Amino acid sequence: MWLYCHKFHANGTLARHKARLVINGKCQQVEVDCDETFSPVVKPTTICTVLILAISQSWPIHQLDVKNAFLHGDLLETVYMFQPLGFVDPGNPKHFAMSDLGPIHHFLGIQVHRKNGGLCLSQEQYMLDILNRAKMQDCKPSTTPVDTNSKLSTTIGNPLPDSSLYPEYKGVINAMVETTWLRNLLLELHLPLRQATIIYCDNISAVYLTKHPMQHQRTKHVEIDLHFVRKKVRLGALRLLHVPIDYQYANIFTKGLPRHLFTRFRSSLTIQPATDSTEGEY
């Protein structure tokens with residue numbers, strides 16, 4: 001089945017009409033989610049890493065649009081396909097088309113502005129689309145996105161587990177997996193890291209577990225992960241340090257914070273006011 005959709009510019013105006021192929025046997029439903037298609041794309045972490053390297057090394061960043069097709073998984077049967085009328089390239093019917101879009105300016109719904117020798121990435125149009133979809137475009141802004149006045153009750157609701165060690169340590173493990181992947185990516189780019197990666201955690205028990213072999217009842221769910229983290233620490237690839245909760249910037253994504261903490265933590269994310277036009281060149 002062929003789906004016909006639209007591609008938009010960074011400002012939301014129509015760029016061109018597109019066609020997407022969905023193999024028969026799909027689970028999408030007409031007038032429900034037939035306009036939703038998926039193509040595998042690069043990880044956001046990879047994008048940020050490559051852009052940071054390009055800026056630090058003063059590399060030019062050029063943008064190309066490749067019209068291609070993706071097959072998910074291994075096929076165990078023969079699949080027959082044909083090109084639809086109006087989309088056949090008579091000169092190169094078996095080749096992928098490629099468009100030169102010039103210096104990077106908009107990709108994967110992200111607007112890119114050049115500013116002071118760096119890049120500003122914006123998803124303003126994406127956020128506006130979400131607000132419009134939820135009919136919240138006229139809502140007043142809030143100083144923090146989470147209610148800071150909610151309280152836990154000792155008499156109402158289900159009791160919470162009496163240990164925060166397991167989720168805290170799982171958070172450390174997830175961060176370690178991501179940094180390990182990043183180190184391997186930089187190694188493939190011939191820019192290996194020579195020093196240990198530092199991960200900050202506000203749970204003293206989780207930090208202690210990475211340095212001492214003592215185990216007890218509270219670690220039975222993370223024993224395999226525990227050895228994995230300790231091995232990275234022993235090899236010098238990872239250091240886990242304690243940080244007071246008032247300096248744990250990651251809390252901006254997970255906790256309701258007072259206004260002064262939210263504002264201070266937000267500044268660490270290098271968020272700046274939106275700009276209307278690009279500035280300067282490389």
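1. Histidine 106 stands opposite glutamine 111 in β6. Strands here are DSSP runs (E, at least two residues) and helices likewise (H or I, at least four), numbered from the N terminus. α1 packs on the sheet and touches β5 and β7; contact means heavy atoms within 4.5 Å. The direction of α1 makes about 155° with that of β7, using lines fitted to C-alpha atoms, for helices over the stretch in contact, and angles from 0 to 180 degrees between N-to-C directions.

2. This is a predicted model, where local features need pLDDT of at least 70, side-chain atom pairs count only at pLDDT 80 or more, and totals for chains, interfaces and linings use all residues. Residues are numbered from 1 along each chain as its sequence is written, and side-chain values use heavy atoms, without hydrogens and water.

3. The open sheet has three strands in the order β5-β6-β7, with antiparallel pairing. Pairing requires at least two DSSP bridges between two strands. β5 (106-107) and β7 (118-122) stand at the edges with a single partner strand each, so one side of each lacks a neighbour in the sheet. β5 and β6 (residues 110-115) pair over two bridges.

4. Most residues other than glycine have a negative phi. Serine 58 has a positive phi of about 55°. Serine 58 lies in the loop between α1 (44-56) and β3 (62-67). Serine 58 is exposed, with a relative accessible area of 63%; exposed means over 50%, buried under 20%, partly exposed in between (1.4 Å probe, protein chains only).

5. Lysine 135 also has a positive phi, near 55°. Its place is in the loop between α2 (124-133) and α3 (165-188). Lysine 135 is exposed at 72% relative accessible area.
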